[in-house]
Amino acid sequence: MSTDADVDASYGRAVRRRFGAGARIEAVTRPTLGGANTTVVFDIVHGATRRRVVSRQTPTLIGSPFLNGHQQFEVMRAVHAQGLPVPEPLFEYDAVDGLGEGFVVAFTSGETLPQRILRSKELARPELAGELGGLLAQLHACPTEPVGFLASVADSCDPLAAQRDRMDIYGEPHPAIELGLRWLERHRPPGTAKRLLHGDFRVGNLLVDAGGVRGVLDWECSHFGDVHEDLGWFCARPWRFSRPDLAAGGLGPREALLDGYEAAGGRAVDLARVRYWEVFALTRWAVLNVMQAHGHVRGIRRGLVFAACGRNASLVEYDLLMTLTGDFD
Amino acid sequence: MAQYQPDLNDVLRTVRAFLEDVGPRLGEGDRYQARVATFLVGVAERELASAEGADRAFEARLAGLLGVPGDVASLTGSLCEAIRSGELDRRWDETVALVLGDVVEKVKIVRPDHLATKPRP
């Protein structure tokens with residue numbers, strides 16, 4: 001197993017290959033974020049220039065629903081080019097670097113822990129939910145051609161079938177998830193034009209400071225689909241934390257998000273569709289928790305957080321069924 | 001085989017107390033991991049203390065809904081198939097109530113605080 005020092009030397013070589021023989025890395029830190037990705041933060045120093053960057057190594061796991069590192073980098077490049085607040089994509093690792101799949105983006109400061117954002121009056125300003133709606137409208141207006149490869153992602157083709165197929169791979173029977181999928185199948189809304197979606201747009205995947213959103217992170221679930229899918233995902237109960245009464249991510253009512261969306265030029269939003277995709281979000285979030293447990297028990301990547309995800313699936317299923325019965329809004 | 005004291009509940013409680021004590025002194029990443037570890041030991045304690053009767057009752061209700069005998073594992077698989085095929089569409093409310101009842105039992109072990117103030121029967 002390679003030590004941190006060995007890996008740091010590899011980062012140094014990767015940086016010299018791109019920034020010249022005089023370039024070096026300094027001030028390496030390794031934030032513990034959990035998940036399968038390895039995230040390291042360091043400075044790239046060359047000449048009089050010093051730039052703090054974030055390195056993400058993104059191993060591709062079997063049965064993983066996530067985009068690989070190269071695809072994530074392409075999506076970030078495309079949305080960055082459209083002026084969205086995304087950490088600037090700098091370069092991808094290649095075979096010569098010996099670091100596997102991954103990429104380096106500019107470091108962006110801001111708070112990312114959702115509970116800390118929601119507790120802070122400075123960060124969770126009353127306008128934030130509307131601004132996030134505006135941000136989604138901007139994302140959904142991005143041209144899809146530069147990321148045409150997303151059309152073949154399972155979630156772009158049929159988001160319900162994608163979840164069902166994953167459950168069949170994981171092999172653990174979950175009647176609550178089946179009820180969610182069956183309800184979604186029976187209430188499937190008519191198709192709409194498919195737009196570029198983030199796929200995991202929630203407060204926990206944003207970098208926020210007092211001025212607003214500085215960066216939208218974690219593009220590994222990006223795909224094409226109904227814009228209401230992103231809006232419903234944001235409103236799903238697990239992301240409301242201690243304020244389940246505030247559907248828009250614990251920040252405000254649904255209308256705050258949706259008004260901001262429409263005001264920023266997003267297409268007219270159908271509230272019933274948002275609620276449909278909230279049920280989808282609960283179902284998909286339960287499936288993702290089952291996936292983490294599957295990876296843990298099969299020894300693909302073990303860990304406390306993955307073990308906890310398996311048990312937490314029941315909490316999400318509870319929210320899902322209470323939503324289906326109308327007990328939860 | 002009977003073991004000397006402390007019993008398993010006590011062993012788990014002791015491990016959890018240690019994790020709760022040491023957790024706040026750790027760095028940010030390890031502190032988070034310690035919180036998750038504390039949570040998992042708590043799950044184990046509650047699971048150990050829970051009555052096994054709930055599983056039997058669920059088995060009987062499942063067999064009643066599906067009209068076939070079997071153990072929980074095989075009946076749960078059959079239930080999933082029946083939901084997916086649409087076979088239970090006409091008994092939707094009954095099916096949701098049965099599954100919700102089972103999920104509530106799971107949540108009582110995993111994180112009882114998560115249940116709404118007035119859980120459905």
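Author: Domain bounds, as used below, come from an automatic or database domain assignment. This is a predicted model, in which local features need pLDDT of at least 70 and side-chain atom pairs count only at pLDDT 80 or more, while totals for chains, interfaces and linings use all residues. Residues are numbered from 1 along each chain as its sequence is written, and chains are lettered from A and ligands numbered from 1 in the order in which they are written.

Reader: What distance separates the centres of domain 1 and domain 2 of chain A?
Author: Chain A is divided into domain 1, covering residues 4-106, and domain 2, covering residues 114-324. When the centres of these two domains of chain A are taken over C-alpha atoms, their separation is 26 Å.

Reader: How many residues on the side of domain 1 of chain A that touches domain 2 of chain A are nonpolar?
Author: Two residues are in contact if their C-beta atoms, placed from the backbone, lie within 7 Å, and on that basis 19 residues of domain 1 of chain A meet 20 residues of domain 2 of chain A. For the classes, Ala, Val, Leu, Ile, Met, Phe, Trp, Tyr, Cys and Pro count as nonpolar, Asp, Glu, Lys and Arg as charged, and the others, Gly among them, as polar. The domain 1 side of chain A then has one charged and five polar residues, and its nonpolar residues number 13.

Reader: How many helices and how many strands are there in chain A?
Author: Helices (H or I, at least four residues) and strands (E, at least two residues) are DSSP runs, numbered from the N terminus. Counted in this way, chain A has eleven helices and nine strands.

Reader: What is the radius of gyration of chain A?
Author: The radius of gyration is taken over C-alpha atoms, and the globule rule is 2.2 Å times the number of residues to the power 0.38. For 329 residues that rule gives 20 Å, and the value of chain A is close to it, so chain A is as compact as a globular protein of that length, with a radius of gyration of 20 Å.

Reader: In what order do the five strands of the open sheet in chain A lie?
Author: Two strands pair if DSSP finds at least two bridges between them. The edge strands are β1 (24-29) and β4 (89-92) of chain A, each of which pairs on one side only. The pairing in this open sheet of chain A is antiparallel, and the order is β1-β2-β3-β5-β4.

Reader: Which residue in β5(A) stands opposite A:S55?
Author: Strand β3 (residues 49-57) and strand β5 (residues 102-106) of chain A pair in the antiparallel sense over five bridges. Within β5(A), A:G102 is the bridge partner of A:Q57, whereas the residue opposite A:S55 is A:V104.

Reader: Which strands of chain A does helix α2 (residues 69-81) touch?
Author: Axes are lines fitted to C-alpha atoms, for helices over the stretch in contact, and angles run from 0 to 180 degrees between N-to-C directions. Helix α1 (residues 4-19) of chain A packs on the sheet, touching β1, β2 (38-46), β3 and β4 of chain A, with its direction at about 140 degrees to that of β1(A). Helix α2 of chain A also packs on the sheet, and its direction makes about 155 degrees with that of β4(A), where the strands touched are β4 and β5 of chain A.

Reader: How many C-beta neighbours does A:F241 have inside 10 Å?
Author: A:F241, in the loop between α8 (227-235) and α9 (254-263) of chain A, has a phi near 50 degrees, again a positive value in a residue other than glycine. A:F241 counts as partly exposed because its C-beta neighbours inside 10 Å number 17.

Reader: Which helix gives the most to the side of chain A that touches chain B?
Author: The contact takes 23 residues from chain A and 28 residues from chain B. On the chain A side, α7 (175-186) and α11 (304-324) each supply at least two residues. The helix that gives the most, with 13 residues, is α11(A).

Technical notes
A residue is buried if 20 or more other C-beta atoms lie within 10 Å of its own, exposed if 12 or fewer, and partly exposed in between; C-beta atoms are placed from the backbone.
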